[in-house]
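Please prepare a short briefing on the chain shown below.

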Amino acid sequence: MAIGSGLGAQLGIAAETTYGTYVAPAKFLEFTKESLAFKKTTAQSAGIAAGRLLALSSRRVLTRKEVAGSIDLEVTNKNMGLLLQSLMGTTVTPVQQGAGAAYLQTHTLASVAGKSLTIQKGVPLTTGTVTRKNFLGCKVTGAEFSCEVGGMLTAAFEIDGRDVEESSALAAASYSAMSPFHFGQMAVKTGSFGTETALSGIRKVSCKIERPQDVERFYANQSALKAEPIENDQVKISGTLETDYVATTLDDLHTSDGATSLVWEFVGANIATTYYDTFRVTLPAIRLDEGPPVVDGFGVVKPSFNFVGLYDGTNQPKIEYISTDVTL
């Protein structure tokens with residue numbers, strides 16, 4: 001029996017074969033908070049009947065069902081593959097590096113059609129009994145990654161889902177030994193794509209990837225459920241580089257509106273030979289929208305540069321993830 005508080009909660013995920021069809025979770029996420037919830041739309045019949053002072057309970061109907069919410073977590077060196085695949089779109093098979101235990105996942109930006117998850121949430125009663133909600137047809141509509149001085153690399157994934165069911169059994173949660181990526185492992189590089197060099201003075205980085213989708217595909221013959229969301233706008237990538245004003249590299253790019261490739265990476269413990277736990281975001285072309293330095297006191301000047309990620313005409317944005325995960 002679990003502890004009767006959030007200490008006993010769990011989140012399990014699995015890739016679906018068919019949108020909205022339950023698959024028992026096989027991976028379990030260590031999360032910091034979540035807001036996944038079933039949302040319903042109801043309609044109340046209110047016909048006039050002589051002497052009736054209150055609407056009939058039996059005449060209330062459920063006309064629409066869906067799921068929405070988010071999952072916040074620390075990015076770790078294991079078990080991130082399914083979420084990254086659902087965000088970026090490419091179907092990924094980890095590739096063994098050398099002959100050791102390191103496997104590379106390359107999540108290149110692509111269509112997210114057909115990428116949906118079953119997410120099972122276990123919520124403890126105060127008695128320690130864990131209730132379950134199985135959220136079906138979960139699509140990742142966006143994610144924001146962030147890391148600052150002294151902190152962990154964190155991520156918040158936005159979720160849109162089709163339905164919830166509570167009949168499938170609660171899976172027994174199991175967790176791999178894992179470590180979080182953190183500021184002490186962080187590197188930021190800019191320059192020409194493929195030859196980026198270290199950028200000094202960076203104190204915090206955030207990067208948001210949005211996958212706009214039509215989540216209002218409610219039709220007749222679907223029992224109040226939506227059809228799989230379809231991409232309905234271009235991908236939006238944005239972020240912020242918080243700095244000390246140690247050089248004019250970013251300031252010059254802001255003034256000229258020039259483009260640069262951005263590599264934001266975390267390299268952790270050695271896995272085998274020359275391969276290490278790695279989380280790397282590569283944006284082949286960013287441009288700076290805001291951030292000229294201003295002096296607002298006696299302290300060190302600390303400009304924050306807001307950027308947008310764009311297509312350089314050849315190379316797609318990607319997230320590379322090296323871990324010991326043999327499968328997603």
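This is a predicted model: local features need pLDDT of at least 70, side-chain atom pairs count only at pLDDT 80 or more; totals for chains, interfaces and linings use all residues.

Residues are numbered from 1 along each chain as its sequence is written, and side-chain values use heavy atoms, with hydrogens and water left out.

**Overall build**
- The chain contains two helices and 21 strands, taken as DSSP runs (helices H or I, at least four residues; strands E, at least two).
- Its C-alpha atoms fill a box of roughly 80 × 50 × 40 Å along the principal axes.
- Of the contacts (heavy atoms within 4.5 Å) with a separation of 6 or more, 71% join residues 24 or more positions apart.

**Burial and surface**
- Of the 328 residues in the chain, 46% are buried, meaning under 20% relative accessible area with a 1.4 Å probe, protein chains only.
- The accessible surface (Shrake-Rupley method, 1.4 Å probe) comes to about 15,800 Å², and carbon and sulfur atoms hold 53% of that area.

**Charge**
- There are 28 positive and 33 negative side chains, the centres of the two sets lying 10 Å apart; Lys and Arg count as positive, Asp and Glu as negative, and His and the chain ends are not counted.

**Cysteines**
- The whole structure has zero disulfides, a disulfide being a pair of cysteine sulfur atoms within 2.5 Å.
- The cysteine sulfur closest to that of cysteine 147 belongs to cysteine 207 and is 13 Å away, too far for a bond.
- Cysteine 147 is buried at a relative accessible area of 1%, and cysteine 207 is buried at 2%.

Conventions:
Buried means under 20% relative accessible area, exposed over 50%, partly exposed in between (1.4 Å probe, protein chains only). The place of a charge is taken as NZ of Lys, CZ of Arg, CG of Asp or CD of Glu.
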